[in-house]
Number of protein chains: 2
Amino acid sequence: MSDVKQYMSEVGKRARAAARAMSRADTAAKDVALNAIADAIEAQKASLLEANEKDMQAGAADGLDDALLDRLELNDERIAGMAEGLRQIAALPDPVGEISDMSYRPSGIQVGKMRVPLGVLGIIYESRPNVTADAAGLALKSGNAAILRGGSEALHSNQAIAHCVHAGLEKAGLPADAVQVIETIDRAAVGQLITMPEYVDVIIPRGGKSLIERISAEARVPVIKHLHGVCHVYLDDEADLDKAIQIAFNAKTHRYGVCNAMETLLVAEGIAEQVLPELSGMYLEKGVELRGCETTCRLVSAAKPATDEDWDTEYLAPILSIRVVKDVDEAIDHVNRHSSNHTEAIVTENYTRSRRFLREIDSSSVMVNASTRFADGFEYGLGAEIGISTDKFHVRGPVGLEGLTSQKYVVLGSGQIRQ
Amino acid sequence: MSDVKQYMSEVGKRARAAARAMSRADTAAKDVALNAIADAIEAQKASLLEANEKDMQAGAADGLDDALLDRLELNDERIAGMAEGLRQIAALPDPVGEISDMSYRPSGIQVGKMRVPLGVLGIIYESRPNVTADAAGLALKSGNAAILRGGSEALHSNQAIAHCVHAGLEKAGLPADAVQVIETIDRAAVGQLITMPEYVDVIIPRGGKSLIERISAEARVPVIKHLHGVCHVYLDDEADLDKAIQIAFNAKTHRYGVCNAMETLLVAEGIAEQVLPELSGMYLEKGVELRGCETTCRLVSAAKPATDEDWDTEYLAPILSIRVVKDVDEAIDHVNRHSSNHTEAIVTENYTRSRRFLREIDSSSVMVNASTRFADGFEYGLGAEIGISTDKFHVRGPVGLEGLTSQKYVVLGSGQIRQ
C-alpha cells in the first residue's frame, strides 16, 4: 500500500468512527463547538494571518494570478466573516433527529420519518480558505464527520483554521476527528478520497468545471455538484417592461463571476424593438460585451454575431449572449437545450405562461419575475449553503443542512404483528 | 460500436426523449394509461399465459429450480394482481408538480419546492414477470421513463406484458418509449445500461446480493438498492413479555424468504430465562433451527452453537441466531456492528430506552414494539414500492413514488432584483 493510500485510509477510519459519535451528539454540544470555533478564529487572528501570509508569498512566487491570490487572501473582514458564519450556523435549528409525518396506519402502527446525518462528507475545494470554516460548520451541525481537502496553495491557512476547529470540538467534548484537513499536497490523496466508499459517503467538490468533471467521472461514491451555470432570463412579450429591463440588467451586472449570473438573455420578438435598444445601452455603458442572434444584431448595432458555442458558454465575465425568440415555446425549447440546469427566469405578467415555465423548465431553480441572482442558500432561507446541486438525485438547488442529511423510517407500535 | 452498445444507446436516446414528454404529462393522461394497461393485461390474459408457458417450458428444460420456476410462473391470480396493482397506482396522488413550503423571504420573493421526476430509470430484475407491470406503473405515475431489463428466463412473459403497457400508453396519447423492455438476452446489455449517464439517471436493481453488488460496483450512475436484510429484534428486560414473544415469533416465522424477516434475536439477560424456553418451544414446533450464543445454548438444549458468521448471515430460511446481551447498550452495539441497515426493532416499555434505540440505530427502519415484517411500502402507506433502500443518499427505507422524484426550487417574484 502506498503511503498516500495508507494515510487516507487511516483518515477515513478515524472519520467513520467520529461520524458515529457525531450522529448522536446533542444539539447543545454541537452549538458549543460552533461558537467555540468562532471564538478561536477571532482569538487566533494573528496566527491565521501569519499562516495566510506564508501561502500568499508562496503563491506569488509560484506565479498565481491576481484572481487566485485574491481568493486565497485572508484579512480582518474575511476572518470576521468566518466567525460570523459559524455563529449563524449555531443559531440554525438542528436538523438531526427531527421527526415528521407521523401517522397511524390501519394496522395500528404509527409511521413517520426521522432525519439522520449522511455519515462522512469528503469536501474538495480550491484556494478560498474560508471554505474550511464554512464546510466544517455545516458538517458539524448536520451531525456528519468531514474530510476536507483544500487547495495545496492554501495549506498553511487551512491548517491554521483546522487548529481552531479542533480547539472548538475539544471544548465541546466532541471528537477532533469529526473534521480532518488533509495534510498532504500529494494529488493522489484526492484520488483516494473519492474511491473509499467504506469510509466516505458523499463527495462535495467546489471549484472549476474541469475539477468537478474529473471527480464525477472517477468517484466511487455519490457526488453533490454543479458543473457550471449557464443561466437564462426570458423576457416575454407580456412582461412588465420596467421589471423586464431591471431584472435583465441585474441578473447580468450585479456580479459577473458567479454561477447564478445570467449568461444568455432571451427576448420575445414582440417586445424586442421596445426593450433591446434601451437595455443594450445600459449594458454597454456598464462595459458588457454583447453577442447576439441576427435579429439582435439588427436592433443593436454594437452587438457582435453570436456563434453556436456562445449559447452553451458560461462567461463568468461582462459578456452576454442575446437571442430573440418567437414566443415562450421557443424560449423553453432553447433553455432546455442549452441550460446547465442551474437557474432560469421568465419575466411575464401572463398567468398561463408563468405556470408553464415553472413546470416545463428542468432546472434546479426556476423563477418568475425575479433576478437569477437570488438562487442562493441565504436568499432562500436555508441559513447557509455548502454548494448548489444541478443534479436531481438526493438534492437539487442550494444545499443547506437538510441536503446533508437523509431520513429513516421510525415505527411506533404497541405490540403489532403481521397477520 | 458493438451491436449491443448501439442497441442500448438507441434505447437510451428514445427513453431520454420520452422522459421529457412524461415529465409534462397531465395526471389524467397518466391515470388513463395506468387503467388502460390494467384493462389490457386482463383482456390479454390468454396470450400472457401462453407467453409465460414458453418461458416455463424453457426454464424447466434448462433445469431451473422449483423456487425460480415458482417465481417465474404467471397464473390467473398473479395476472389479476398485476392489474389490481396498476389500478391502485392510478388511484394514488400524482407527486409531480406538487409545490410545498412556499414562504416569503425578506427580499419579497416567495420560495418553495416543486416535485419533479428523476428522468430515466433503469430497472434490473430477475425471474418475476409481475415486476414488469409494477415497475412500469410506478415509473409512469412518477413522470419518469423506464428501461426494464428482466431475467432472460422471463423474456417472453415480459414482452407480452410490455405489449399491454404500450397499448395503454398509446391509448392515453403518451409515448410508447416511456417504458421499454430490453429485447436482447445478451448480458452485455446490463453493462451498457448501468454506464450510460447521458441516458439513464438512476439504476434500481432487484435481485440477489451478488447481482446487486456487481451492479453497484460497476454502475456509473446512482443506484437505489438494498443488498440484504439481516434484521434484528431486541427483547429488553423491561419488555411486556407477551408482546416480546408475539413479535419475536412473528418477525421470524410469518415468512422466511423475505428481506424484512428477523435473522437474529437479541435477548436481555434479565429476561432470558423467562422468555427463551417458551419462545424456543414455539420456534422448534414450527421447524425453525436455532443457533445460539453460550448462554442461549445453556437455556435451550436444542440450540446449536452459533459461529461468528451466523451474526452476519441473512438466512432467508427457517434458521434463527439468538444472542443473550447484557442490556440495551450491548444490543445497540451488536446491531450497529452486524446489521445490514434494513430494519431493527426493540420490544420494551421503557421510555428512555425506546428513544435511544430509535435515535442510535442506524437502519432504514427502526421500530418499537412492532414486528420487523411491517417494513414495507404498503404497510407504511406509500401505496406501492419499487424496492427498499438501505443507503442514505437520496432515499432510505421503502421507495414509493416520492423516492422516484426530486424537488426543484421555484421562486415567485414581483420584479425583485439583488441589491
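Strand 9 (residues 289-292) of chain A and strand 10 of chain A run side by side in the parallel sense, joined by two bridges. Strands here are DSSP runs of E with at least two residues, helices are runs of H or I with at least four, and both are numbered from the N terminus. Two strands pair if DSSP finds at least two bridges between them. This is a predicted model, where local features need pLDDT of at least 70 and side-chain atom pairs count only at pLDDT 80 or more, while totals for chains, interfaces and linings use all residues. Residues are numbered from 1 along each chain as its sequence is written, and chains are lettered from A and ligands numbered from 1 in the order in which they are written.

**The sheet that uses both chains**

- Gly292(A) sits opposite Pro305(A), which belongs to strand 10 of chain A.
- These strands are part of an open sheet of 10 strands with mixed pairing, in the order 10(A)-9(A)-11(A)-8(A)-7(A)-12(A)-13(A)-16(B)-2(B)-1(B).
- At its edges you'll find strand 10 (304-305) of chain A and strand 1 (99-104) of chain B, each pairing on one side only.
- Where do the chains join up? Strand 13 of chain A and strand 16 (residues 405-416) of chain B run parallel, with five bridges joining them.
- Look for Val366(A) here: its bridge partner in strand 16 of chain B is Val410(B).
- Helix 11 (residues 269-285) of chain A lies across strand 7 (231-235), strand 8 (262-268), strand 9 and strand 11 (319-325) of chain A, at about 145° to strand 8 of chain A. Such angles run from 0 to 180 degrees between N-to-C directions, with axes fitted as lines to C-alpha atoms (for helices, over the stretch in contact).

**A four-strand sheet in chain B**

- Chain B also has an open sheet of four strands, ordered 5-4-3-6, with parallel pairing.
- Strand 5 (179-181) and strand 6 (202-205) of chain B are the edges; each has a single partner strand, so one side of each has no neighbour in the sheet.
- On average, neighbouring strands of this sheet are turned by 20° against each other, direction ignored.
- Strand 3 (residues 120-124) and strand 4 (residues 145-149) of chain B pair in the parallel sense over five bridges, and Gly122(B) has Ile147(B) as its bridge partner in strand 4 of chain B.
- Helix 6 of chain B packs on this sheet, touching strand 3, strand 4 and strand 5 of chain B, with its direction at about 165° to that of strand 4 of chain B.

**Two helices side by side**

- Helix 5 (residues 76-91) and helix 6 (residues 130-141) of chain B have axes that come within 10 Å and cross at roughly 10°.
- That makes these two helices of chain B roughly parallel to each other (under 35 degrees counts as roughly parallel, over 145 as roughly antiparallel, 65 to 115 as roughly perpendicular, the rest as oblique).

**How the copies meet**

- Chain A superposes on chain B by a rotation of 180° with 0.0 Å of shift along its axis (RMSD 0.0 Å), so the copies are related as by a two-fold rotation axis.
- Of the residues of chain A, His394(A) comes closest to the rotation axis, with its C-alpha at 1.7 Å.
- 55 residues of chain A are in contact with 55 residues of chain B (contact: C-beta atoms, placed from the backbone, lie within 7 Å).
- Strand 16 of chain A gives the largest share of the side of chain A that touches chain B, 11 residues.

Note on methods:
Copies are superposed by least squares on the C-alpha atoms of residues with pLDDT of at least 70 in both. Two residues are in contact if their C-beta atoms, placed from the backbone, lie within 7 Å.
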